Amino acid sequence: MGSGKLILCCPMTSLRIGRHPARNCTRNGFQNFTFPMLNIFELIDDSVSTFRWLVGVCAAIGFTLMPPVGLAVEHKPAFDREIRPILAAKCMHCHGPDAKTRHADLRLDDSRSLSRVAKKNTQGISEILVRIRAQDDDLKMPPPDSKIVLTKQEIESISSWIESGAGYQAHWSFVSQKRPTLPAAVFFPGDGGNVRSAAVENSIDRFVQQRLSQENLQPASPAEPATLIRRVTLDLTGLPPDLREVSAFVADDSPGAYELLVDRLLNSPRYGEHMAATWLDAARYADTDGYQNDRLRYQHAWRDWVVMALNENLPYDQFIIEQIAGDLLPKATLKQQIATGFGRNHRINSEDGSIPNEWHVEYVADRVDTIGTVFMGLTIGCARCHEHKYDPITQKEYYRLFAYFNNVPEWGVGPNNGNSPPFIDVPENWQSLSPGNDQPVTPEPVVLRQARQEAGNGLRRPQPGGPSTVMVMHELPQPRPTYMLLRGRYDAPDRSEQLAPGIPASLGSANAAGTQRNRLDLARWLVQPDHPLTARVAVNRIWQHFFGTGLVKTSENFGAQGDRPSHPELLDWLAVEFVESQWDIKSLQRMIVLSATYRQRSATNATAMEQDPENRLLARGPRLRLSAFAMRDCALTAAGLLAEQIGGPPVKPYMPADIWSSISNNKYEQGTGVDLYRRSLYTYWRRTIPPPTMINFNSATREFCSVRNDRTNTPLQALTLMNNVVFVESARMLAERTLREIPSPSVESQIRFAFASITARQLRVQELDLLREAALSFRQHFQTSSEAAEQLLSMGEHPRDNSLASVELATLTMVCSLILNLDEAITKE
């Protein structure tokens with residue numbers, strides 16, 4: 001024991017214990033204090049007990065105590081963090097909440113039932129240990145025929161948990177968040193004396209640095225100014241900064257320069273357009289009904305409401321309330337009524353032979369599933385046909401949620417084209433209506449007509465709404481009765497009990513008990529400060545927007561089958577901060593992008609990459625491929641083509657003329673003029689044939705709610721960037737712009753300008769050499785093939801500048817195309 005070392009870490013202080021002064025060494029703003037273990041352990045014979053005592057003493061004075069090498073400190077597995085995931089993955093399918101599939105009447109998700117088989121009895125025997133260690137196939141759990149096997153490490157973890165008393169904690173996400181204590185203040189490398197930084201004291205960084213210290217990792221140094229302005233501009237607007245903005249920021253070393261940049265971007269009208277894109281994915285927004293017929297609809301007024309609400313920084317609690325139940329608010333306005341289009345974005349079937357009752361059930365179920373995923377991060381839909389297999393949601397509770405959305409005066413079959421009732425008329429200048437004129441228009445009642453009566457078809461369809469309408473939520477005068485549907489079938493209601501609207505007991509709140517009787521009550525319950533999920537789920541998706549992965553990786557699932565948070569205290573701290581800031585979205589985003597964590601370089605080293613390949617520990621800045629929307633919009637911006645009009649009907653940019661013919665008689669009618677160059681947010685979205693460029697780069701299909709899209713890498717993506725009309729035309733227009741702004745005969749200057757326009761940084765010497773060689777090769781080709789030059793320059797509808805020589809323009813067009821195809825051009829560094 002005398003040769004051991006005891007290490008204490010504390011922020012920038014001195015310490016003396018007994019007769020032995022500290023020996024200091026500074027690392028990452030901390031001082032490490034090392035003492036001979038013999039002298040410290042003189043007080044107590046039991047070194048492990050001494051260590052535990054010291055942990056408590058040091059914690060009280062702000063120290064972190066690291067166990068010395070060679071000292072075996074007993075590890076007590078935490079049930080919620082280490083044991084529950086094993087049980088959820090390997091055991092709860094047969095021993096979970098669903099009574100119909102439960103074996104031996106044993107629930108491992110219930111504390112009393114679990115305690116009965118986990119804790120040792122008077123003979124010192126734990127039934128779970130006996131079963132998981134058994135060699136006899138008749139006793140062994142999981143049973144061999146299940147093909148599920150517990151690993152040696154999992155068995156050891158369960159054994160250690162039982163030996164330490166088999167303690168139980170409720171699943172972390174079902175317990176209301178409380179503000180955790182902030183770790184000690186830290187300074188990231190290079191930040192302490194950086195006048196550009198406002199975030200040397202950012203609470204986010206405290207939690208991140210604490211975790212990095214635990215993992216023996218150091219944060220990366222700050223990103224270069226040019227990299228940082230491109231990163232934050234892309235993140236907040238979905239567009240690149242122009243060269244003048246980059247130059248001004250790089251040259252500005254005044255205090256608060258970065259904060260001023262962030263505030264300007266948050267107030268840009270481009271902000272709301274960019275942030276709306278992921279919300280449209282979550283809300284399954286599209287311009288057609290889906291299913292086989294996939295008839296057109298007019299729902300763009302709701303999309304424009306989202307952009308407006310985000311630009312105006314509508315508090316998130318109000319953002320939720322208005323979309324779920326804006327029509328039920330006292331003195332509801334037209335805008336609040338339009339907001340409820342969220343609940344009508346689902347697919348609608350208009351196929352001949354459809355059964356209205358069947359599809360009405362599907363629409364209501366879609367609303368329940370969407371509310372569960374978007375606002376609570378739960379797979380509530382798993383309880384439609386049976387008890388949820390893993391989370392404490394019963395089938396009856398599912399249909400009590402169903403009852404909230406079962407009172408819309410809608411018809412299960414849609415019209416052949418147009419909006420399905422209920423819908424309202426929307427005036428052309430609705431966004432600028434004064435408060436006195438911003439009053440709702442009551443939806444007309446459903447009017448059914450006989451479809452194709454002359455052909456003997458008895459299917460009845462509703463009278464459709466036209467281009468000046470938007471579909472909204474509305475309540476029936478008398479609630480429609482709701483029953484549990486056996487196996488989820490529309491034609492198998494259990495009429496023994498009519499169900500009133502209500503919330504799952506596992507998420508119940510004393511403040512809300514017995515009061516949730518309509519959609520407005522449900523919405524208000526969701527935004528109660530003590531709701532355990534709403535703020536966490538929102539904060540997590542906002543974090544995901546900036547870092548690519550949420551603090552909880554499975555942003556769609558906070559239940560037992562989902563991932564645990566990488567930084568649970570940080571998640572809870574941000575959730576509480578979000579609520580206490582009056583649900584201020586921009587304030588939360590500002591805090592994130594001002595943090596040193598966000599502003600790190602994205603480059604890393606082999607050790608950190610091996611230890612943390614997905615950057616879950618946040619030892620480096622985010623590096624992600626741009627979304628499909630941002631990729632197209634950035635190309636148009638660099639080319640000077642992007643049309644900045646906000647809102648309005650969807651547009652039809654470049655797509656193959658026969659794109660729709662495979663499943664429809666409708667022909668894709670490509671737009672003209674500025675409609676070809678509008679932001680991708682406004683692209684016409686047909687569910688059965690969504691824009692191929694967007695789908696190639698992993699956009700959501702919008703058939704269902706989607707809050708997380710995985711990124712893939714395929715050859716088709718490279719072919720799209722090289723050959724798609726929008727990217728080739730953008731390369732041509734960037735080349736024209738370059739030749740006009742840099743008329744110098746020096747191709748190096750022109751290449752530098754084009755490269756900086758796309759990447760926001762200056763070329764390195766080696767890179768310039770490679771691009772110069774490419775330009776020479778392209779010029780030689782076009783000098784010998786004028787037809788190839790003319791063919792290249794004819795791509796796209798935008799008129800060509802005939803004052804520019806064909807060979808020079810074609811050469812620089814190919815150089816610009818090459819740059820647009822670089823990894824750096826389509827990546828947020």
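**Ground rules**

This is a predicted model, so local features need pLDDT of at least 70, side-chain atom pairs count only at pLDDT 80 or more, and totals for chains, interfaces and linings use all residues. Residues are numbered from 1 along each chain as its sequence is written, and side-chain values use heavy atoms, with hydrogens and water left out.

**Stop 1: the whole chain**

Show the cartoon. The chain holds 30 helices and 14 strands. Both are DSSP runs numbered from the N terminus: helices are H or I with at least four residues, strands are E with at least two.

Colour by accessibility next. Of the 829 residues, 55% are buried. Buried means under 20% relative accessible area, exposed means over 50%, and partly exposed lies in between (1.4 Å probe, protein chains only).

Switch to a surface. The chain exposes about 36,200 Å², and carbon and sulfur atoms supply 52% of that. Areas come from the Shrake-Rupley method with a 1.4 Å probe; for residues, only the protein chains shown count as cover.

Now contacts, meaning heavy atoms within 4.5 Å. Take those between residues at least 6 apart in sequence: 70% join residues at least 24 apart.

**Stop 2: the cores**

Select Y258, W279, W302, W305, Y316, F375 and L574. Within the largest nonpolar core, which has 175 residues, these touch the most other members. A nonpolar core is a set of buried Ala, Val, Leu, Ile, Met, Phe, Trp, Tyr and Cys residues joined through side-chain atoms within 4.5 Å. In soluble globular proteins, nonpolar side chains tend to be buried together.

Centre on F375. Leaving out neighbours within four places in sequence, its contacts include W279, Y316, I320, F342, L526 and V537. A second, separate core has 22 residues, among them L106, I155, W161 and I162.

**Stop 3: helix 3**

Select residues 79-90, which form helix 3. Its buried residues are F79, D80, I83, R84, I86, L87, A88 and K90. What lies over them? The cover includes helix 4 (92-95), helix 5 (111-118) and helix 7 (152-163).

Zoom to L87 in this helix. L87 counts as buried because its relative accessibility is 4%. Beyond residues up to four places away in sequence, L87 touches F79, M92, L108 and L114. Then draw a distance to A560: the C-alpha atoms are 9.3 Å apart, across 473 residues of sequence.

**Stop 4: R347**

Pick R347, in the loop between helix 15 (334-339) and helix 16 (356-376). Is R347 buried or exposed? R347 is buried, because its relative accessible area is 15%.

Show its surroundings. Neighbours within four places in sequence aside, R347 is in contact with D289, G290, Y291, R297, Y363, R687, E703 and F704.

**Stop 5: salt bridges**

A salt bridge puts a side-chain nitrogen of Lys or Arg within 4 Å of a carboxyl oxygen of Asp or Glu. The count comes to 50.

Select R623 and E829. Their salt bridge spans 2.9 Å, N to O. The pair links distant parts of the chain, 206 residues apart: R623 sits in the loop between helix 22 (606-611) and strand 13 (624-625), and E829 in the segment after strand 14 (827-828). R623 is partly exposed, at 40% relative accessible area.

Move to E736 and R740. They form a salt bridge at 3.6 Å, N to O. Both lie in helix 26 (residues 725-741), 4 residues apart, about one turn of the helix. E736 is buried at 2% relative accessibility, whereas R740 is partly exposed at 45%.

Finally, select R270, E273, R632, D633, E644 and R679. Salt bridges link them in a network.

**Stop 6: a surface patch**

Return to the surface and select L716, L719 and M722. They form a nonpolar patch with about 270 Å² of accessible area together. Patch residues have over 30% relative accessible area and no salt bridge; nonpolar side chains (Val, Leu, Ile, Met, Phe, Trp, Tyr) are joined within 5 Å, like charges within 9 Å. L716 belongs to helix 25 (residues 715-723). L716 is partly exposed, at 47% relative accessible area.
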